[in-house]
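Student: I would like to take a close look at the aromatic side chains in this model. Could you show me where they sit and then connect them to the rest of the chain?

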Amino acid sequence: AHDWAASAIGYQVGVTGTQTPASMALHLGKGVCQDYAHIMLSLLRTLGIPGRYVSGHLLGEGPPHAWVEVLVDNTVVAYDPTHHRRAGLNYITVATGRDFADVTTTSGVFSGSATGKLHWSKQASILEEVAEAAA
């Protein structure tokens, strides 16, 4: 499922939006990380394999990112179909859910003149390392 989803569309910003279903991203043949995640989740659900949408940050990239966690042999495994690889320690989870609608990173209403420019930033650092106990 991961290999297929990773090659199902090409990466292109501005073609899809937050409400774009996986089927439309497939039809368009283009999308962003949330589309890759939605496509992979649709395939997993069709196959009866449990999976969830993950929203967070990939260190070294600018905007928030999305990937998928899959239950494989009673173990949760994270896959990033956008980059066609397993997600590692440089992936920081903010929220998980069924799809983007469950984990939207920003919401609310703004009233007033548009005199400013929206700006965001992120910073991540290790606060404490915990040694794993020997099995």
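Tutor: Let's begin with Trp 67 and Tyr 91, which are both buried. Here, buried means under 20% relative accessible area, exposed means over 50%, and partly exposed is in between, using a 1.4 Å probe and protein chains only. Keep in mind that this is a predicted model: local features need pLDDT of at least 70 and side-chain atom pairs count only at pLDDT 80 or more, while totals for chains, interfaces and linings use all residues. Residues are numbered from 1 along each chain as its sequence is written, and side-chain values use heavy atoms, with hydrogens and water left out.

Now for the rings. The model has two aromatic pairs, where rings of Phe, Tyr and Trp (its six-membered ring) pair if their centres lie within 6.5 Å, and planes under 30 degrees apart count as stacked, over 60 as edge-to-face and the rest as tilted. Helices (H or I, at least four residues) and strands (E, at least two) are DSSP runs, numbered from the N terminus. Tyr 53 is buried, at 2% relative accessible area, and Phe 100 counts as buried at 15%. The other pair brings us back to Trp 67 and Tyr 91: these rings are also edge-to-face, 5.0 Å centre to centre, with 75 degrees between the planes. Trp 67 is in strand E4 (residues 65-72) and Tyr 91 in strand E7, so parts 24 residues apart in sequence are tied together.

What surrounds these rings? In soluble globular proteins, nonpolar side chains tend to be buried together. A nonpolar core is a set of buried Ala, Val, Leu, Ile, Met, Phe, Trp, Tyr and Cys residues joined through side-chain atoms within 4.5 Å. The largest such core has 19 residues, and Tyr 53 is among those with the most contacts inside it, along with Ile 39, Met 40, Leu 44, Val 68 and Val 70. At least two residues of this core come from each of H2, helix H3 (33-46), E4 and strand E5 (75-80). H3 gives the largest share, seven residues. Take Val 70 as an example: apart from neighbours within four places in sequence, the residues in contact with Val 70 include Met 40, Leu 44, Ile 49, Val 76 and Tyr 79, where contact means heavy atoms within 4.5 Å. Trp 67 and Tyr 91 belong to a second, separate core of six residues, which also includes Val 54 and Leu 58.

Side chains of opposite charge can pair when their charged atoms come close. The model has two salt bridges, each a side-chain nitrogen of Lys or Arg within 4 Å of a carboxyl oxygen of Asp or Glu. Glu 69 pairs with Arg 52, their closest N and O atoms being 2.6 Å apart. With Glu 69 in strand E4 and Arg 52 in strand E3, this pair links distant parts of the chain, 17 residues apart. Glu 69 counts as buried at 13% relative accessibility, whereas Arg 52 is partly exposed at 37%. The other bridge joins Arg 98 and Asp 102, at 2.7 Å from N to O. Arg 98 is exposed at 57% relative accessibility, and Asp 102 is partly exposed at 34%.

Finally, let's step back to the whole chain. Its secondary structure comes to three helices and seven strands, and from the N terminus on the elements run α-β-α-β-α-β-β-β-β-β. Of the 135 residues, 32% count as buried. Among contacts between residues at least 6 apart in sequence, 49% join residues at least 24 apart.
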